[in-house]
Amino acid sequence: MSAPLGGGTESWVEGAGGGHPFGIDSLAWGAATLPGGHEPRLVARIGDLALDLAPATESLAPDLAPLVGGSSLNRLLAEPAQTWHEVRARIADWLSERRHRAAVEPHLVPVGDLRLHLPIEVADYVDFYASEHHATNAGRLFRPGGDPLPAAWKHLPIGYHGRAGTVVVSGTPVRRPRGLRRGSDGEITYGASERLDVEVEVGFVLGSPTVAGEPVPLEQAEDHLFGVCLVNDWSARDIQAFEYVPLGPFLGKSFATSVSPWVVPFEALARARVAPPPRDVPLAAYLDDSRSAPGALDLELSLRLQGTELSRPPFAAMYWTPLQLVTHLTASGATIRAGDLIASGTVSGPQPDQLGCLLELTRGGSEPLELPDGSRRGYLEDGDTVVISGRVPGRDGRPELSLGEVSGTVLAAG
Ligand code: CA
């Protein structure tokens, strides 16, 4: 659970105390090019400012400088979780104790002046399928008449290995993919996807590498969960539907996956921990969380298309927890590498306004949505901009924490 931060919930940075959604209680990590700079550098967000970590650390804690001196989080991710917590606590101390102000303040930069980059060099990327509501809805649409949930679904978190090299940071345009798909006339042709979709997901940045053949027990999964971001798993439904039987997603998913630029430390989300939904079948011992501390996260997500909110998927409704995803990933003996990214799978809740993709919202395109300008969408059109945002709702007198947002605009296939 959360390690205490040095200065509590106050910061000498104006407006950046515990009341700010990106304040001292969060200290989200990012990678950014600074004004006049050329190379991405690691930064820690504090309210509406970001701390340039390399020079601040050189002067205040030279022993830590190698961990935060690069252009991504990967060096830090190669360390054990205890080191992550220590570095974060030190940064919190600098930003909360006034005696450090003179040394730190010159290295604060307005967030609006930053050009944000992917904060990790993505090692392996895995996408799960952890929402029962989404899996059921998608199963009905892709396999009408069959069992909506695959036989294994409630026994293990189903996932697949995705393509790390096409993970892009928020704001990167996404070109409409091409592929083989079956048209309405039954003919199979190669061309631009006509059913381009989005998937609202939550991503988890992993670190503290493991050794092959040594699975991570559930009670140690948290030691590999560095932070949380938002993910848009762009999906070409026509390409996907044709290619994925019997093996699963390939080119229908691999062309682009967008992530939000700020990685919120997993330990900052301790307040969001809640119990997962009741389990319908007994779980194998390695996945059984019935006697564990709550492992689900209560995050509120939002999906907007052309500025119009289409849905508000609730992450607390996910059947499988992030801890179970990490444990299952390693259950075969597969390793975790520094910079691994796992995504939750589309987040959908039980209500019609809680669905996390157009496939569900428009019932496979058959019930198009109408936007305020009168235009209709079954799937995405070229020029469409999609924004996914997320937050930890405020409660018990504690203000909300923000996960920021991930955006992307569709370019024509060209
Ligand atoms: Ca997905």
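**Close-up 1. Lining of the second largest pocket in the predicted model.** The residues that line the second largest pocket divide into three nonpolar, three polar and five charged, and among them are Arg181, Arg182, Glu194, Arg195 and Asp238. The volume of this pocket is about 300 Å³. Strand E10 (178-182) and H7 each contribute at least two lining residues, and the largest share, three residues, comes from H7.

**Close-up 2. The largest pocket and the elements around it.** About 460 Å³ of space lies in the largest pocket, whose lining comprises 26 residues, with Tyr129, Ile158, Gln240, Tyr244 and Pro249 nearest its centre. At least two lining residues are supplied by each of strand E6 (125-128), helix H6 (132-142), strand E7 (159-161) and helix H7 (237-243), while H6 provides the largest share, three residues. By class, this lining has 13 nonpolar, six polar and seven charged residues.

**Close-up 3. The largest cavity.** A search of the whole structure finds one cavity of 30 Å³ or more, and the largest cavity has a volume of about 50 Å³. Its lining, which includes Leu118, Pro119, Val205, Cys229, Ser260 and Leu341, divides into ten nonpolar residues, one polar residue and no charged residue.

**Close-up 4. An open sheet of five strands.** The strands follow the order E9-E26-E25-E20-E21, with mixed pairing. Strand E9 (174-175) and strand E21 (308-311) stand at the edges and have a single partner strand each, so one side of each is left without a neighbour in the sheet. Strand E25 (residues 385-392) pairs with strand E26 (residues 401-411) in the antiparallel sense over eight bridges, and Val386 has Gly408 in E26 as its bridge partner.

Notes. Residues numbered from 1 in each chain as written. Predicted model: local features only at pLDDT ≥ 70, side-chain atom pairs only at ≥ 80, totals over all residues. Heavy atoms only, no water. 1 Å grid on protein atoms, 1.4 Å probe; cavity = no way out; pocket = protein on both sides within 12 Å on 5 of 7 lines; lining within 4 Å. Points joined across faces, edges and corners; volume = space filled by probe spheres on them. Nonpolar A, V, L, I, M, F, W, Y, C, P; charged D, E, K, R; others polar. Pairing = 2+ DSSP bridges. Helix = DSSP H or I, 4+ residues; strand = E, 2+ residues; numbered from the N terminus.
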